[in-house]
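Me: I'd like a close look at one part of this structure, with the cut-offs spelled out as you go.

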Amino acid sequence: MKYWPQWTRRVVIEGTGRDPLGLSRVSDSLTDFLLPCIITTTDRARYYSFYTWAITDIETQYGAAAHQIPFEEEFRRREAAFALASWLGKTKFPLVGKVKVSTVLGQTSPGEMINTDFTVLPSNPTGGFGQYYQGCLQNLGLVRRDEGPLSWVPTERGRPFAEAFAAASKKAPYMTGDWRNKVRVPHKVLRDSADLFSLDGIRRPAANEERSLLLKLFFNLGEQPSATMPLNRQATLGQFLSVLKAYEEAGIQVKRQDVDRAVVYWPHYYGSLYSETGRHLSYTSTSAFSKVHMFWQQFCIHQFFAFALEEFLAAVLEALARHPEGLARTELLDSLLDKGFGDDLRQSLGVKCDRPTAMFAALGISTIPDAVVSQSVAMKFGAKHPFNEWAVYESKKTAPQTHLGRALLLLAMLYGKWRGGAGGDVFHDMASEVDVKHELWIGTGFEWIDAWLREDLNWSSVCERLLDWLVLRHDQVKFQKRKLDASWLEFADGRYSKQQDIEPDFRSSRHHNAATIMYDLGLLEYDSDSETWSLTGEGKQLLNQVIRART
């Protein structure tokens, strides 16, 4: 029986973020597949139409003006004015450049003129467009690059969005006074423009046509899903609305801070609705969204899996933190496996776990799991169990032994639930539809944990082998990224040494971003007092429309 997972034989890593074990690629591939063109930095619906309008308006100016101002200068004036008006309108949700905007407004009084010739994000000459939204608008076919002086121009598909934005905001003083062609704008003009020429202006009656176009764009209205075009964004957003409807019917409120837990993990991983009172009701995805439900389940599985492996790295780094000179292998293992490790496992499972087999026995596993065993483990450690995967994730202790206990317990739980073929269909779909088959995820093969069931295997042997894999994987990822200075752990001259800390956490599901976008589109309502989301009447109507289209 092989111990080593397949991922040690080939690693495909992209990006240069804080991802020491190359675990983000599967997360990113899944969210790109399920929520294309809504990314972790695109929070507001109106930026999609505003930026298209700004680019279109500059193109119009270039065609009419004798003296042409550089594109970036034209762009930053419009974006700065839009950001200032949105801030003055007291928008409650994310605003690109809020730090710069608040600084500018703090330096001017209500009676003064405001200089709009500044970049809302100093790191990018085209602000939020260049930093966050550019790729999304380009992939949606709203704008394209221009070889001439304009840099960017609208596409034919994008022009209606620009026209709708212009029509919705045409009565704003900023537009009627043609202030976009002036550098300095009166404070009062921007304040009085906030109702229409702002992020929140998308919810006004004047923006009905603009909102309709954006709804059609995000939900692919009028299109039918097919094998080649599954319309996963439509299904994911529709499923989001469907889950919120289930909570509403159950009389449970979903808080903004709980979106991931309540809308993603509980319904898709545990098949349950989450409640702070401990009242968990079963949830079954409607058939219209069954396919993306399976993929979001796999997203959840991968987050627990990735968290477990990063917890093992955190345990190693914590153990090394007090030893700048480094530790030899035996010293490091002794530090990890002191009394605290066994105490944490005993507290979690209620039994002494002096060997891996004892921990597996506590989980209900005595042999390599088949479908029956996996189903049994899944039922035992479901939403109601006090030490399920989510509870392990939420534990706040930070001792090395606690990190280690969480890592090994999570790996064992996931092994028990998924080794028996319970995820066969979704694993097959993942490998065939999402480019992850050579990546680090459970579907690559979980056979390497089979060896933990051997009676003669102790925790030291398990941790030693994981440590060897960890160092190998970390070095592979580092070289693949061509970021040799991005090191968390070093092994040299027979000693391990810590380079920097890691804080294991889940990757974004992008549902927080989707929530604010659907709020902008009038599908969700937000109660500021209770900080909860709820469906609007328009949201319920659109949900029914999407279900009909996918049935």
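Which residues does Leu317 touch, not counting residues up to four places away in sequence?

Reply: Bear in mind that this is a predicted model, where local features need pLDDT of at least 70, side-chain atom pairs count only at pLDDT 80 or more, and totals for chains, interfaces and linings use all residues. Residues are numbered from 1 along each chain as its sequence is written, and side-chain values use heavy atoms, with hydrogens and water left out.

Leaving out residues up to four places away in sequence, Leu317 touches Trp488, Leu489, Lys498, Gln500, Asp501 and Ile502; contact here means heavy atoms within 4.5 Å. Leu317 sits in helix α12 (helices are DSSP runs of H or I with at least four residues, strands are runs of E with at least two, both numbered from the N terminus). Leu317 counts as buried because its relative accessible area is 2%, and buried means under 20%, exposed over 50% and partly exposed in between, with a 1.4 Å probe and protein chains only. Leu489, one of the contacts, is 172 residues away along the chain, yet the two C-alpha atoms are separated by 7.3 Å.

On a 1 Å grid over the protein atoms alone, a cavity is a set of points where a 1.4 Å probe fits but cannot get out; a pocket is an open set with protein on both sides within 12 Å along at least five of seven lines; and lining residues have an atom within 4 Å of a point.

Of its 25 lining residues, Phe307, Tyr393, Lys396, Pro504 and Asp505 are the closest to its centre. Helix α12 (290-320) is among the elements giving two or more residues to that lining, as are α11 (259-270), α17 (389-394) and α18 (400-418). By class, the pocket lining holds seven nonpolar, five polar and 13 charged residues.

Note on methods. Ala, Val, Leu, Ile, Met, Phe, Trp, Tyr, Cys and Pro count as nonpolar, Asp, Glu, Lys and Arg as charged, and the others, Gly among them, as polar.
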